[in-house]
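Look at the structure below and work through the questions that follow.

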Amino acid sequence: MLSLTLELVKNNPKRSNADCLKPFAPSEVKKVRAFHESMWGYYHATPLRELKNLAAWLGVKSIFVKDESSRFNLQSFKALGGSFAIASYLAKKCACPLDFDKLTYESVQEKVGNITFATTTDGNHGRGVAWTARILGFPSVVYMPKGSAQERVDNIRREGAAVKVTELNYDDTVRLLAKDAQQNGWVVIQDTAWPEYEEIPLWIMQGYSTMVEEALEKIPIAPTHVFAQAGVGSMAAAVQAVVANRHYRKDPAFIILEAAEANCFYRSMSQGVPVSVKGDLNTIMAGLACGEVNPLAWEIISNYSAFCLSCHDDVAALGMRLWGNPLGDDPKITAGESGAIGGGVIGLLDKYHNLKTDMGINKDSVLLFFNTEGDTVPKNYLDIVWGGKIPCDFRSDV
Ligand SMILES: Cc1ncc(COP(=O)(O)O)c(C=O)c1O
């Protein structure tokens, strides 16, 4: 057996709080989708990939991967949230419809005056906020935690944002930005909530429902296991809420995937209350390097998840190689570190203790994963996929 590169915690999904699903009801999801569809020239649905040979290799019925690596040409799903939140903020402020074209009118700028949108990011969310601000004609400020990759900084600067890399970890950078925003009058578009700051994070979470809806529209069979990776948990919560609202004949099992160095959901589920992880949160999965759960997401995730898997970096690295080198005629998926964690889990499922049986995965299972990012730092991608950096104890014959 392999050493502990993956750890599983079981949660008891009570499914007792239906109120937390309401913002993701089909009528709400439809509104969000209509807004994204109004982004002419920018919005296209991303592909749902089916990996038939990989499913046969693993001994399950089907494996599907919603592939976000081409979303808005920004290489991650994140701008779905930032764009919907900024649009909702502007529409509310100007009492105008949630329509992308109408939000670009000069009258909107005149009504809202000089505003600057601000956020903290590990890379992808800030890129989405800066991009949305730019295409709607507003300035943006983006803070990033210490150790942020230069490529990620450059990608955000290219969208016209003023970028500041702090000496703090992600969660402390969020707090610093909130304080500076108050002093400077910036509008904070943050993908996590705190007391008295919930409306915008909820819009961001709702924004992600377009990704889930596109996947459910295309999947030809009901999923039995839905895997979603978590940083602060906003994306995974949106996935669970939209799927739960579908009321499939049999509820699928929801599984949270996390970076071990920032496994706040794993620890919170183990203890039954939100628990944070402090320190540098040092992982290659930059998008998952968040040590504090979004309380809005926790409400959904604690109520609906069946399991959480805490994964070391070698799981993500294996996932990048596994999805990038498909079996037979399966489609190739280019996944960056945070996107690839599910691919690594597939590679280790029946090699690692009793993971497959513990999670009830068998020949009838239909697994749904989300590749949430492409090769956002191409050098890191090549070092891992070609250079064999961060090897994983994977043996095909186990
Ligand atoms: C590529 C990628 N995947 C997953 C996540 C996790 O999303 P959340 O922070 O909403 O849990 C992020 C967050 O930035 C990300 O960039």
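Q: Which side chain makes a polar contact of 3.2 Å with the side chain of threonine 119?
A: In this predicted model, threonine 119 belongs to strand E4, residues 117-120. Its side chain has a polar contact of 3.0 Å with the side chain of histidine 125. The partner in the contact of 3.2 Å is glutamine 190.

Q: Is threonine 119 buried or exposed, and what is its relative accessible area?
A: Leaving aside neighbours within four places in sequence, threonine 119 is in contact with several residues, among them Val129, Val141, Tyr143 and Leu177. A residue counts as buried when its relative accessible area is under 20%. Threonine 119 is therefore buried, with a value of 0%.

Q: How many Å separate the C-alpha atoms of threonine 119 and valine 187?
A: Along the chain the two residues are 68 residues apart.

Q: Which backbone nitrogen lies 3.1 Å from a polar atom of the side chain of serine 76?
A: Serine 76 sits in the loop between strand E3 (62-67) and helix H3 (79-94). It is buried, with a relative accessible area of 2%. Beyond its neighbours within four places in sequence, its contacts are Glu68, Arg71, Asn124, Thr372 and Glu373. The backbone nitrogen at 3.1 Å belongs to lysine 78.

Q: How far apart in space are alanine 193 and isoleucine 221, C-alpha to C-alpha?
A: Alanine 193 is in the loop between strand E7 (187-188) and helix H9 (199-207). Not counting residues up to four places away in sequence, it touches Glu198, Pro201, Asn294, Pro295 and Leu296. Isoleucine 221 is 28 residues from alanine 193 in sequence. The C-alpha distance between the two is 34 Å.

Q: Why does alanine 193 count as buried?
A: The cut-off for buried is a relative accessible area under 20%. Alanine 193 counts as buried because its relative accessibility is 7%.

Q: How many disulfides does the count come to?
A: A disulfide is a covalent bond between the sulfur atoms of two cysteines. To be counted, the two sulfur atoms must be within 2.5 Å. The sulfur of cysteine 20 is 17 Å from the closest cysteine sulfur, in cysteine 308, and the sulfur of cysteine 96 is 4.8 Å from its closest, in cysteine 94, so each distance is too far for a bond. The count comes to zero.

Q: What relative accessibility does cysteine 96 have?
A: Cysteine 20 counts as buried at 12%. Cysteine 96 also counts as buried, and its relative accessibility is 18%.

Q: How are H10 and H11 oriented to each other?
A: Two packed helices are described by the angle between their axes and the distance between the axes. Helix H10 (residues 209-218) and helix H11 (residues 234-244) have axes 9 Å apart, at an angle of about 45 degrees. The two helices, H10 and H11, are therefore oblique to each other.

Q: What is the handedness of the crossing of H10 and H11?
A: Residues of H10 including Met211, Val212 and Leu216 meet residues of H11 including Met235, Ala238 and Val242. The crossing of these helices is right-handed.

Q: How many residues of helix H15 are buried?
A: The buried residues of H15 include Ile341, Gly344, Val345 and Leu348. Helix H15 (residues 341-348) is largely enclosed by the rest of the structure, because the number of its residues that are buried is eight of the eight.

Q: What value is phi of alanine 95 near?
A: Most residues other than glycine have a negative phi. Alanine 95, in the loop between H3 and helix H4 (100-103), counts as exposed at 72% relative accessibility. Its phi is positive, near 50 degrees.

Q: Is arginine 15 buried, partly exposed or exposed?
A: Arginine 15 also has a positive phi, near 50 degrees. It lies in the loop between strand E1 (6-10) and helix H1 (26-37). Its relative accessibility is 26%, so arginine 15 counts as partly exposed.

Technical notes: Residues are numbered from 1 along each chain as its sequence is written. This is a predicted model: local features need pLDDT of at least 70, side-chain atom pairs count only at pLDDT 80 or more; totals for chains, interfaces and linings use all residues. Side-chain values use heavy atoms; hydrogens and water are left out. Buried means under 20% relative accessible area, exposed over 50%, partly exposed in between (1.4 Å probe, protein chains only). Helices (H or I, at least four residues) and strands (E, at least two) are DSSP runs, numbered from the N terminus. Contact means heavy atoms within 4.5 Å. A polar contact is a pair of N or O atoms within 3.5 Å; within protein, one must be able to donate a hydrogen and the other to accept it, and residues adjacent in sequence count only if both atoms are side-chain atoms. Axes are lines fitted to C-alpha atoms, for helices over the stretch in contact, and angles run from 0 to 180 degrees between N-to-C directions. Angles under 35 degrees count as roughly parallel, over 145 as roughly antiparallel, 65 to 115 as roughly perpendicular and the rest as oblique. A crossing is left-handed if the near helix is turned anticlockwise from the far one by less than a right angle, and right-handed if clockwise.
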